[in-house]
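Please look over the sequence and the structure below before reading on. The paragraphs that follow go through them part by part.

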Amino acid sequence: MTDPAPSPDPESSVLQLRGLEKSYATETAVRDLSLSVGDGEILALLGPSGCGKTTTLRLIGGLERPDSGTVALDGQTLADGTVDTFVPPQDRGIGLVFQNFALFPHMTAAENVAFGLADRSEAERERRVDELLELVGLSDHADHYPDELSGGQKQRIALARSLAPEPEVLLLDEPLSNLDIRLRVSMREEIRDIIQETGVTAVWVTHDQEEAMSVADRIGVMHDGHLQQIGTPESIFARPASRFVASFLGQAGFLSARVEGDTLVTDIGPIDVDRLTDFDAAEGATVDVLVRPDDLRATPTNDEEADGRIVRRQYQGPAFVYRVETAGGDTVHCLHNHTERFEVGEAVDVEFIADHPLSWYPGA
Ligand code: ATP
């Protein structure tokens with residue numbers, strides 16, 4: 001499979017982070033973090049609460065100083081952990097969008113957008129504000145105050161304000177988390193379109209894997225201050241580098257398996273080792289095979305022939321996801337059409353229907 005968005009060449013990338021480290025009193029927030037972001041690329045930093053995403057963003061924006069490591073923009077070092085090298089936030093050519101919108105309540109939408117344009121002539125400022133309001137589809141709200149705008153409109157004005165001075169890099173910190181769930185889905189597409197139209201390079205922090213997968217050209221998954229994996233959404237989803245990444249992206253189940261010749265023996269039947277990516281486990285070893293809901297199907301059967309039992313039924317509207325516990329104690333999920341309604345407690349035969357290479361991990 002060719003990678004549609006390969007890692008940018010660090011030499012030609014816009015933003016470069018090298019060996020970044022940041023600790024607070026007793027807490028190491030970011031550990032040895034290196035990555036590059038290409039021109040016009042949208043990189044999502046994804047991970048659970050407390051993994052160091054926001055700290056990474058603040059280090060890029062200059063709101064924090066690294067203990068060591070470097071932040072560079074177009075090859076110019078902005079911070080390197082020494083007192084002497086530190087370009088302040090306002091001189092970095094970087095725009096910021098926060099989850100709480102951070103609009104000035106006493107200024108109209110147009111005045112908010114004009115905020116970072118003080119050094120331009122009045123005519124140029126007006127032209128740029130009109131251009132940005134049109135870009136975010138709010139030309140007819142120019143004279144509205146923030147408390148007269150909906151959440152989505154506030155975030156669009158905040159985006160316009162950050163883009164107005166034509167930053168080279170735009171940083172977005174959970175930009176959708178203050179919006180209701182339905183609005184989040186439409187807004188993420190809208191924000192992505194606007195970012196792409198301006199061509200700005202963006203780093204977008206989120207804890208929502210669906211959001212990251214739908215907006216990003218590449219995703220960096222963080223855990224406990226470390227960058228665990230970086231790649232296109234498709235490549236990370238298809239080949240998660242660790243059990244943590246696999247569990248964080250989608251509903252992961254792990255089938256424990258024993259290697260017997262060319263076969264893996266599992267609770268739901270044998271799997272040919274050729275089906276596994278880069279398989280090199282030794283004869284007799286125990287491994288865990290990653291299986292997602294669409295890889296498996298459950299069929300009700302009698303107790304003697306069953307592989308396991310349904311322990312939970314999750315109704316999702318168009319689909320049911322059944323959680324099945326196998327006889328050996330593995331937990332897997334099976335995706336079914338909404339017409340295939342089974343009962344919790346039913347004994348089921350679990351069939352393996354995946355036709356893609358499978359990821360695996362050494363047994364826990
Ligand atoms: P969230 O999604 O909850 O914002 P995050 O992934 O963005 O989480 P960070 O905010 O970067 O994580 O925090 C990383 C770690 O550093 C956490 O353990 C946090 O408690 C700690 N931390 C962050 N900022 C500070 C601070 N100013 N003082 C002390 N500890 C901090």
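Predicted model: local features only at pLDDT ≥ 70, side-chain atom pairs only at ≥ 80, totals over all residues.

Which backbone nitrogen does the side chain of D208 reach? The side chain of D208 comes to 2.9 Å from the backbone nitrogen of E210. D208 sits in the loop that joins strand 8 (201-206) to helix 6 (209-215). A327 is 119 residues away from D208 in sequence, and the two C-alpha atoms lie 33 Å apart in space.

The chain as a whole gives the setting for such distances. The protein chain contains eight helices and 20 strands. Its C-alpha trace spans about 80 × 45 × 40 Å along the principal axes. The chain has 364 residues, of which 46% count as buried.

Next comes the ligand. The residues around the ligand are Y24, E27, A29, P48, S49, G50, C51, G52, K53, T54 and T55. By type, this shell divides into four nonpolar, five polar and two charged residues. For T55, a polar side-chain atom lies 2.5 Å from a ligand oxygen. For K53, a polar side-chain atom is 3.0 Å from an oxygen atom of the ligand. C51 takes part through its backbone, where a polar atom is 3.0 Å from an oxygen atom of the ligand. Taken alone, the ligand exposes 630 Å², and the protein buries 60% of that area. Two elements, strand 2 (27-37) and helix 1 (53-61), each give two or more residues to the shell. Helix 1 gives the most, with three residues.

Helix 3 shows how burial can be arranged along a helix. Helix 3 covers residues 122-135, which makes 14 residues. From first C-alpha to last, helix 3 reaches 20 Å, close to the 20 Å expected at 1.5 Å a residue. Which residues of helix 3 are buried? They are R128, V129, L132 and L133. Seen down the axis of helix 3, these buried residues fall within an arc of 130°, so they line one face of the helix. An α-helix has 3.6 residues a turn, so residues three or four places apart point the same way. On the other side of helix 3, A123, D130 and E134 are exposed.

L176 is placed in the loop between strand 7 (169-173) and helix 5 (181-198). Is L176 buried or exposed? L176 has a relative accessible area of 0% and is buried. R120 is 56 residues from L176 in sequence, and the C-alpha to C-alpha distance between them is 31 Å.

A238 belongs to helix 7, which runs over residues 233-238. The relative accessible area of A238 is 37%, so this residue is partly exposed. A238 and G345 are 107 residues apart along the chain, and their C-alpha atoms are separated by 31 Å.

Definitions and conventions. Residues numbered from 1 in each chain as written. Heavy atoms only, no water. Near = heavy atom within 4 Å. Polar contact = N/O pair within 3.5 Å; in protein donor to acceptor, adjacent residues only side chain to side chain. Areas by Shrake-Rupley, 256 points an atom, 1.4 Å probe, with all protein chains shown as cover. Helix = DSSP H or I, 4+ residues; strand = E, 2+ residues; numbered from the N terminus. Nonpolar A, V, L, I, M, F, W, Y, C, P; charged D, E, K, R; others polar. Expected span 1.5 Å × (residues − 1). Buried < 20%, exposed > 50% of the residue type's maximum accessible area, 1.4 Å probe, protein only. Arc of directions from axis to C-beta.
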